[in-house]
Amino acid sequence: MKQTAHPPDHRPVRTPAGAAGAVAPCPAGPRTRRRPVSQQWAAWAFLAPVTLYLVLFYAYPLYRNLDLSLRDYTVRSFVQGDAPFTGVENYAKVLHDPAFAPALLHTVVFTAVCLVFQYAIGLALAVFFHQNFRLSVTLRALFLVPWLLPLIVSASTWSWMLNSDSGIVNALLSAVGADPVNWLTSPSWSLTSVIIANIWIGVPFNLVVLHSGLQSIPAALYEAAALDGANAWHRFWRITFPLLRPVSAITLLLGLVYTLKVFDIIWIMTKGGPADASTTFATWSYRLGFGNLLPAFGPGAAVGNLLVVAALVFGLLYIRVQRKQALS
């Protein structure tokens with residue numbers, strides 16, 4: 001005969017002493033084990049190099065730069081460390097300097113124009129190479145050459161190409177009957193020259209990042225749009241551009257931070273001249289701190305901190321926009 005299985009008895013168990021209603025306590029569940037001390041020390045050991053690196057190469061330089069901007073440093077006090085505290089006097093001196101307004105204008109124009117053209121050209125090239133034709137890999141590798149070269153090599157090459165007397169650009173202009181241009185020595189053209197060079201250097205970065213973003217877009221979306229009769233422009237505007245928005249945001253942010261601090265290209269090509277026509281905050285900060293016989297460490301550090309604040313503001317704006325997009 002089959003034995004009928006009875007469900008387990010869940011009634012409370014009374015104590016032997018006969019105390020009515022007394023219920024035996026339930027056995028406690030498994031306690032959460034603490035991480036062994038050895039694992040905690042191992043975690044701290046892995047974090048120590050990163051923490052040390054951030055403190056030595058980020059936190060301490062930022063602190064020193066802030067300290068420089070709040071004190072009246074001279075060469076003697078810079079060595080001995082007894083510079084008097086002046087508060088925001090260096091910032092006031094920078095803001096009232098006649099060179100502040102032109103440097104600010106050049107920084108804004110240089111950054112905005114470079115960002116727009118680098119992104120537009122990089123996006124056009126990324127869409128072009130996304131077609132995967134026969135020589136796409138080879139040509140894409142060749143476009144990476146400006147990004148791989150040292151900046152001093154790229155800037156020196158552009159200085160030679162744009163030379164007023166022996167540059168290849170003026171030689172081409174003369175060949176087509178146009179007048180030569182003083183690219184590096186004319187106040188009207190010096191800023192344009194460094195902008196052209198920086199765009200050429202920054203396009204490969206935009207190409208690589210945007211091309212990687214295009215790889216993540218499903219091909220089925222383009223096939224469905226083509227079946228619905230959408231042309232190439234509609235597919236780009238309705239599919240490619242919206243889905244590339246997160247990648248575009250980080251590309252523009254990184255390009256903004258990089259372009260704000262561009263120094264070596266401008267300094268090698270024009271040194272901020274002539275007549276401060278291509279001076280930006282980066283070159284002005286260097287000139288104040290190291291370009292004179294009597295360096296002004298405090299004002300130079302103040303200009304550098306203005307660049308840091310500008311980059312930080314745009315970084316925080318980017319984080320806020322990303323959070324809004326994630327919540328929506």
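## Aromatic contacts

Phe-263, Trp-267, Tyr-286, Phe-290 and Phe-297 together make up one aromatic cluster. The model is a predicted one, and it contains 20 aromatic pairs. In one of these, the ring centres of Phe-100 and Trp-284 are 6.5 Å apart with the planes at 55°, so the pair is classed as tilted; an angle over 60 degrees would be needed for edge-to-face. Phe-100 belongs to helix H4 (residues 100–129) and Trp-284 to helix H14 (residues 281–290), so this pair ties together parts that lie 184 residues apart in sequence. Both Phe-100 and Trp-284 are buried.

The rings of Phe-128 and Phe-129 also pair: their centres are 5.3 Å apart and their planes stand at 65°, so the arrangement is edge-to-face. Phe-128 is partly exposed, having a relative accessible area of 40%, whereas Phe-129 is buried, with a relative accessible area of 1%.

## The largest pocket

The largest pocket holds about 570 Å³ of space. Its lining consists of 20 residues, and those nearest the pocket centre are Asn-65, Ser-285, Gly-304, Leu-307 and Val-308.

Which helices each supply at least two residues of this lining? They are helix H1 (37–69), helix H12 (245–260), H14 and helix H15 (297–327). H15 provides the largest share, with 7 residues. In terms of residue class, the lining of the largest pocket comprises 14 nonpolar, 5 polar and 1 charged.

## The enclosed cavity

The space in the largest cavity amounts to about 30 Å³. Its lining is formed by Thr-107, Phe-110, Thr-111, Thr-259, Leu-260, Val-262, Ile-266 and Thr-280.

Helices H4 and H12 each contribute at least two residues to the lining of the largest cavity, and the largest share, 3 residues, comes from H4. By class, this lining divides into 4 nonpolar and 4 polar residues, with no charged residues.

Terms used:
Residues numbered from 1 in each chain as written. Predicted model: local features only at pLDDT ≥ 70, side-chain atom pairs only at ≥ 80, totals over all residues. Heavy atoms only, no water. Phe/Tyr/Trp six-rings, centres within 6.5 Å; stacked < 30°, edge-to-face > 60°. Helix = DSSP H or I, 4+ residues; strand = E, 2+ residues; numbered from the N terminus. Buried < 20%, exposed > 50% of the residue type's maximum accessible area, 1.4 Å probe, protein only. 1 Å grid on protein atoms, 1.4 Å probe; cavity = no way out; pocket = protein on both sides within 12 Å on 5 of 7 lines; lining within 4 Å. Points joined across faces, edges and corners; volume = space filled by probe spheres on them. Nonpolar A, V, L, I, M, F, W, Y, C, P; charged D, E, K, R; others polar.
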